[in-house]
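Please look through the sequence and the structure shown here; the paragraphs that follow lead through some of the local features.

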Amino acid sequence: MTAVLRTAYQKSIAEYWDAERDPVNIRLGDVDGLYHHHYGIGEPDLSVLEGPAETREARIIEELHRLETAQAHLLLDQFEPREFGPQGFGQPGPLGASSRLMDAGSGRGGTSFLANQRFGCQVDGVSISQQQVDFASNQAVERGVDGQVQFHFRNMLDTGFPTGSMNGIWTNETTMYVDLFELYKEFSRLLAFGGRYVNITGCYNDLTGGRSKAVIQIDEKYTCNVHPRSAYFKALAANNLVPISVVDLTPHTIPYWELRQKSSVATGVEDPFLTAYKEGSFHYLMIIADKV
Ligand code: GPP
Ligand code: MG
């Protein structure tokens, strides 16, 4: 395994996340102690915008947090056994205590903790931000699950975990920081036969021809490189990861952004997201693929 931060670009990403303390993430996480770094899906209860002014803000924040947690649950639903055909995971049954999952780009740990709650298995989160690793590791201790949920200062392109050691891997809005061919080469190595990969991501639309202005503004805000939709399928196919479903979540995330835009925790990135989604230059996709 080489150094965790291999390039000047990776160092700049780590610096961003080491310094990040945005209320849109901290205040939402404070609602129930589950800190997310992804967006929300589903229908908001718009009654939070009305009612007494003194509790309005808190109710909007709770609602945004509820939608972000719903997004993580939808991602994890994809690891549940299928009703028909092989169970996947290279094993006859569903995920259980002896399974192992990896959260690639684990942030402050939200999705990892939900996965452990649901499947009761070991979860390894990796992040190139030492601050995020420390935050999430403290959370694991506080929650009393540090024996099963561990966070590592490692690079998702070169994790150092053994070949075939993972039954499932997910990326929850993290693939825009890496080369997809390098990433899926590593995931293909890590996954056991039949292991599942679930990805929720924002990608730009090949049909509209390159990055729109709004997508460029998103890249600029997070120091990332949103990929074209086509790149995902090329990189999966090149690495023995076979898609079983692709779900366009765009219509399900727009209401989250509209509510976030009206909240006190808006960061300014709401306009580019809403513009990009509504003009069709950008999609919010969930891609599920199995390792063969
Ligand atoms: C951050 O979530 C997500 C990203 C940086 C990746 C960019 C995602 C795309 C779909 C393009 P966050 O919760 O840290 O962001 P924010 O601070 O805006 O809530
Ligand atoms: Mg956030």
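Is Thr163 buried or exposed? In this predicted model, where local features need pLDDT of at least 70, side-chain atom pairs count only at pLDDT 80 or more, and totals for chains, interfaces and linings use all residues, Thr163 is exposed, because its relative accessible area is 60% (exposed means over 50%, buried under 20% and partly exposed in between, with a 1.4 Å probe and protein chains only). Residues are numbered from 1 along each chain as its sequence is written, and side-chain values use heavy atoms, with hydrogens and water left out.

Thr163 lies in the loop that runs between strand E3 (149-153) and strand E4 (166-172), strands being DSSP runs of at least two residues and helices (H or I) of at least four, numbered from the N terminus. Leaving aside residues up to four places away in sequence, Thr163 touches Arg189 and Leu190, where contact means heavy atoms within 4.5 Å. With Arg189 there is also a polar contact between the two side chains, at 2.9 Å (a pair of N or O atoms within 3.5 Å, of which, within protein, one must be able to donate a hydrogen and the other to accept it, residues adjacent in sequence counting only if both atoms are side-chain atoms).

Elsewhere, the axes of helix H9 (residues 250-261) and helix H10 (residues 270-279) come within 10 Å and cross at roughly 150 degrees, the axes being lines fitted to C-alpha atoms over the stretch in contact, with angles from 0 to 180 degrees between N-to-C directions. H9 and H10 are therefore roughly antiparallel, a term for angles over 145 degrees.

Conventions
Chains are lettered from A and ligands numbered from 1 in the order in which they are written. Angles under 35 degrees count as roughly parallel, over 145 as roughly antiparallel, 65 to 115 as roughly perpendicular and the rest as oblique.
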